[in-house]
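This briefing walks through one protein model, topic by topic. Keep the structure open alongside the text.

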Amino acid sequence: SLDSFLHFEDQVFLTEANSIRSIIEDNAGNLWFGTISGIIRVNRERNETTLFGKNYGISEREMFFGSAYIARNGKLYFLNVGGYYAFFPEQLIQGMRPPEIIIAGFRIANKLEIPRPGGPLTEPVSAVSAIRLKHHQNVFSFEFAGIDYSNPEDNRHLFMLENYDAGWNLAGAERKAIYFNVPPGKYVFRVKVVNSYGIWAEKSIAVIITPPWWNTWWFRIAAVLIIAGTFYAIIRWRVRQKFHRQLERSEKDKQLAELRQKTGELEMQALRAQMNPHFVFNSLNAINRFILQNNKTQASEYLTKFSRLVRMILQNSQSTLITLESELDSLRLYLELEALRFDNRFEYKISVSKDLDIDLLKVPPLIIQPYAENAIWHGLMHKEEKGHLEIDITQEGENLLFRIKDDGIGRQQSAALTSKSATRHKSMGLKITADRIAMLQRSVSQQSPVVINDLVNADGSPAGTEVLIKIPVTYD
């Protein structure tokens, strides 16, 4: 029994129309059909068809009954009205010669080509195995014929341009194959002829159509390389231009930064130069007060410590930054002088965080002294009982934090006393120091603010003042 049906197409146009009466398979796997045109064989590969008709004694329009048999010895039997046909399949076409195929002519644009040096044909077309054409020679034709004299009128001619045609084409009476506008590529022209006995013959010629030079692989690679090289050169040129502009800009920025740094250093030196006379002036006033009070002992002690402090200040003023240890030494000496000056009416305490290396930390000189001076003069000096001054130094992130805290009368009461005294004196030291810190802030592009907080007791009364100074941490 049949499990499925397969579609088979007669690509060589062997029969225009048929009525199949019977079907059987021989021992070699070929299929045999009884039809009104004769007996047809389809080979085992199912790609070739052969008709056994009148040349084998089968009259046209032979009427087969729907029966076909195969004997044990492989002989096939097909029944018809007058009897049956019997044959061995393998002996049916023995001794028959295939037809001879001749390719008689080749034309380009309907012009017959003859063999010539440098042309498409260097020898007769019937003897060549390949024809090479240029891209503009894409309209061509072949003329061919199959030679078989048994029944020449029954010969069938088929042709195909492989890689171009979808299948075989049945040639007409002129035996010609014509092709138009064939694109560049590699093709094979095939001619197949079958005679009246079902014997096949085939011949082929390779046809190579070369593409134009601008459509070749080497030109495309060269064009891609040239375009890529051009883009690369443009991009490289743009990058170099951009790099030079950035270099020029960075050089200008560097020069500008150097000028700003030099300007900042000069301004810082000018501020330090203003700071030193301010402090010396205040200290000389204190010495003068001791002398006027005829207190020679205190004046001598004060003058000795003052000379040490002046020496330290002169040494420190030569540098933009000094060690925190040097800054604290001069600060302690200053506070001792102030305590002596005000008859020990206040006590001071300096605390430094244990994780700070005061030998390596760098700070601007006299950065704390003006705020300590302000706390003493305006906070602690007006207090009736003994005052206290605390200075704490810690690190917060990337900043060094100075906390100057006093338990004086507070800013509000101090401002009232200053107003009553009708004095116009303003702390020059605070203004100079604030300007120095602002300069430091611009030089390192970090915030270095000075914050002043008013302290109050639980009942709301003033409890003193707290000053917070932040400067960037700088190590030697």
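Does Asn 138 count as buried or exposed? At 16% relative accessibility, Asn 138 counts as buried, because the cut-off for burial is under 20%. The model is a predicted one. The protein has six helices and 23 strands. Of its 476 residues, 38% are buried. Among contacts with a separation of 6 or more, 62% join residues 24 or more positions apart.

**Around Asn 138**

- Asn 138 lies in the loop between β10 (130-133) and β11 (140-147).
- Neighbours within four places in sequence aside, Asn 138 is in contact with Tyr 179, Phe 180, Asn 181 and Val 182.

**The sheet that includes β10**

- β10 belongs to an open sheet of five strands, in the order β10-β16-β15-β12-β13. The pairing in this sheet is mixed.
- β10 and β13 (169-170) are the edge strands, each with a single partner, so one side of each has no neighbour in the sheet.
- Inside this order, β15 (residues 185-194) and β16 (residues 200-209) run antiparallel and are joined by 10 bridges.
- Across that pair, Phe 189 stands opposite Ile 205 in β16.

**The sheet that includes β21**

- Another open sheet has five strands in the order β18-β20-β21-β23-β22, again with mixed pairing.
- Its edges are β18 (346-352) and β22 (450-456); each has a single partner strand, so one side of each is left without a neighbour in the sheet.
- On average, neighbouring strands here are turned by 15° against each other, direction ignored.
- Strand β21 (residues 399-406) has six of its eight residues buried, so the rest of the structure largely encloses it.
- On one side, β21 pairs with β20 (residues 387-396) in the antiparallel sense, over eight bridges. Ile 393 stands opposite Phe 402 in β21.
- β20 and β21 form a hairpin with two residues between them. In the turn, Gly 397 has a positive phi of about 65°.
- β21 also pairs with β23 (residues 462-472), antiparallel and over eight bridges.

- Helix α4 (residues 369-380) is mostly covered, with 10 of its 12 residues buried. Among them are Tyr 371, Ile 376, Trp 377 and Leu 380. Glu 373 is also one of the buried residues.

**α3 against α4**

- Helix α3 (residues 324-341) packs on α4 at an angle of about 20°, with the axes 11 Å apart.
- The two helices are therefore roughly parallel to each other. Their crossing is right-handed.
- From α3, the contact uses Glu 327, Leu 331, Tyr 334, Leu 335, Glu 338 and Arg 341. From α4, it uses Gln 369, Ala 372, Glu 373, Ile 376 and Trp 377.
- By class, this contact has six nonpolar, one polar and four charged residues.

**α2 against α3**

- The axes of helix α2 (residues 296-316) and α3 come within 10 Å and cross at roughly 155°.
- α2 and α3 are therefore roughly antiparallel to each other. The crossing is left-handed.
- The α2 side of the contact includes Tyr 302, Phe 306, Leu 309 and Met 312. The α3 side includes Leu 333, Tyr 334, Leu 337 and Leu 340.
- Charged residues take part as well, including Glu 301, Lys 305 and Arg 308 of α2. Asp 329, Glu 336 and Arg 341 are among those of α3.
- In total, the residues of this contact divide into eight nonpolar, four polar and seven charged.
- Tyr 334, Glu 338 and Arg 341 of α3 are in the contact with α4 and also in the contact with α2.

Key
Residues are numbered from 1 along each chain as its sequence is written. This is a predicted model: local features need pLDDT of at least 70, side-chain atom pairs count only at pLDDT 80 or more; totals for chains, interfaces and linings use all residues. Side-chain values use heavy atoms; hydrogens and water are left out. Buried means under 20% relative accessible area, exposed over 50%, partly exposed in between (1.4 Å probe, protein chains only). Helices (H or I, at least four residues) and strands (E, at least two) are DSSP runs, numbered from the N terminus. Two strands pair if DSSP finds at least two bridges between them. Axes are lines fitted to C-alpha atoms, for helices over the stretch in contact, and angles run from 0 to 180 degrees between N-to-C directions. Angles under 35 degrees count as roughly parallel, over 145 as roughly antiparallel, 65 to 115 as roughly perpendicular and the rest as oblique. A crossing is left-handed if the near helix is turned anticlockwise from the far one by less than a right angle, and right-handed if clockwise. Contact means heavy atoms within 4.5 Å.
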